[in-house]
Amino acid sequence: MAELEFERPINDLKNKISELKAFMDEKKIDLSSELKHLEERLEKLESDTYENIQPWHRVQIARFQERPTTLDYIEHLFTDFIELHGDRLYGDDAAIVGGIAKYKGKPVTVIGHQRGKDTKENIRRNFGMPHPEGYRKALRLMQQAEKFNRPIITFIDTKGAYPGKAAEERGQSEAIAKNLLEMAGLTVPIVCIVIGEGGSGGALALGVADRIYMLENSTYSVISPEGAAALLWKDSTQAKRAAETMKITAPDLVKLGVVNDLIQEVRGGAHRDPKLQAKYIDDVLEKALNELCKRSKDELVQQRYEKYREIGTYAQATQSFQEESEEG
């Protein structure tokens with residue numbers, strides 16, 4: 001398995017432990033006390049590293065090539081999944097997958113960004129950056145879900161919508177805006193889970209939900225740390241500094257009230273044990289759907305509206321300031 005830069009000391013120590021075990025077996029020498037000492041050091045190092053993860057480290061984990069994708073979670077969480085293709089206007093977009101499945105025996109609609117696991121698949125899926133037809137396919141499936149009264153579950157994992165000429169010619173901005181508008185008024189439960197990067201409008205187009213959850217090491221932001229650094233300091237190499245400033249990680253966004261809660265990750269990241277990670281998601285997803293399915297259609301729409309109205313803060317000008325402004 002590939003390693004992240006900040007994990008190198010941990011992996012170096014693991015290699016030393018493996019070498020010591022091999023040496024003990026080969027030479028038939030008892031070095032159990034030394035082995036125990038190294039294993040204790042490893043436990044402490046892992047604890048210190050993973051329990052105090054910095055924002056930039058979370059960005060690196062969210063982007064990790066081996067991190068589980070939407071299709072990985074669909075395999076572990078749902079049964080009888082049938083993928084549906086095309087937007088009925090232009091074509092199909094492999095950067096977004098979606099279809100009908102069963103969750104705990106009940107029919108649901110599942111939609112999510114899909115990136116590749118290798119270069120060939122990344123090219124086919126456009127590195128998880130959807131074109132307009134991807135968002136229109138997603139909307140078609142959401143409208144179908146409303147027609148048949150099926151809950152909607154979305155998985156967010158994209159750097160952002162594809163910014164190329166062809167995407168703009170086919171109405172990228174309009175497609176994203178329409179998804180935001182239509183999702184706000186859907187009368188079925190919507191649960192969104194950010195499983196990797198949640199980048200810009202490309203993420204928001206699947207993110208207007210009754211419940212929004214983030215995996216512990218995922219990110220959700222209007223712009224990438226590199227993009228923010230290039231704008232703020234004219235230097236994209238200041239991405240680490242930007243990540244610490246932007247409040248884009250799950251713990252920060254829960255505190256800010258942008259998302260409902262974070263979902264615990266397997267120690268070291270979801271890629272360490274996708275099946276166990278799916279179990280953590282399952283626990284949260286089941287509870288959310290049980291609560292939301294008890295609400296009437298009007299309650300769902302109204303409470304979704306109120307949820308987004310409450311995000312953010314504003315300052316009200318004093319009366320004297322207003323009077324001065326009017327006089328001026």
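Modeller: The model is a predicted one, and the count of salt bridges in it comes to 20. I begin with the pair formed by Glu133 and Arg170, whose closest N and O atoms are 2.9 Å apart. This pair links distant parts of the chain, 37 residues apart: Glu133 lies in helix 6 (residues 132-147), whereas Arg170 lies in the loop between helix 7 (165-169) and helix 8 (172-185). Glu133 counts as buried because its relative accessibility is 5%, under the 20% cut-off. Arg170, at 22% relative accessibility, counts as partly exposed.

Glu174 is partly exposed, with a relative accessible area of 42%.

A further pair joins Glu291 to Arg211, with 3.1 Å between the closest N and O atoms. Here the link runs from helix 13 (residues 274-292), which holds Glu291, to strand 6 (residues 211-215), which holds Arg211, and the partners are 80 residues apart. Glu291 counts as partly exposed at 33% relative accessibility, while Arg211 counts as buried at 13%.

Finally, salt bridges with shared partners join Arg63, Lys159, Glu197 and Glu226 into one network.

Key: Residues are numbered from 1 along each chain as its sequence is written. This is a predicted model: local features need pLDDT of at least 70, side-chain atom pairs count only at pLDDT 80 or more; totals for chains, interfaces and linings use all residues. Side-chain values use heavy atoms; hydrogens and water are left out. A salt bridge is a side-chain nitrogen of Lys or Arg within 4 Å of a carboxyl oxygen of Asp or Glu. Helices (H or I, at least four residues) and strands (E, at least two) are DSSP runs, numbered from the N terminus. Buried means under 20% relative accessible area, exposed over 50%, partly exposed in between (1.4 Å probe, protein chains only).
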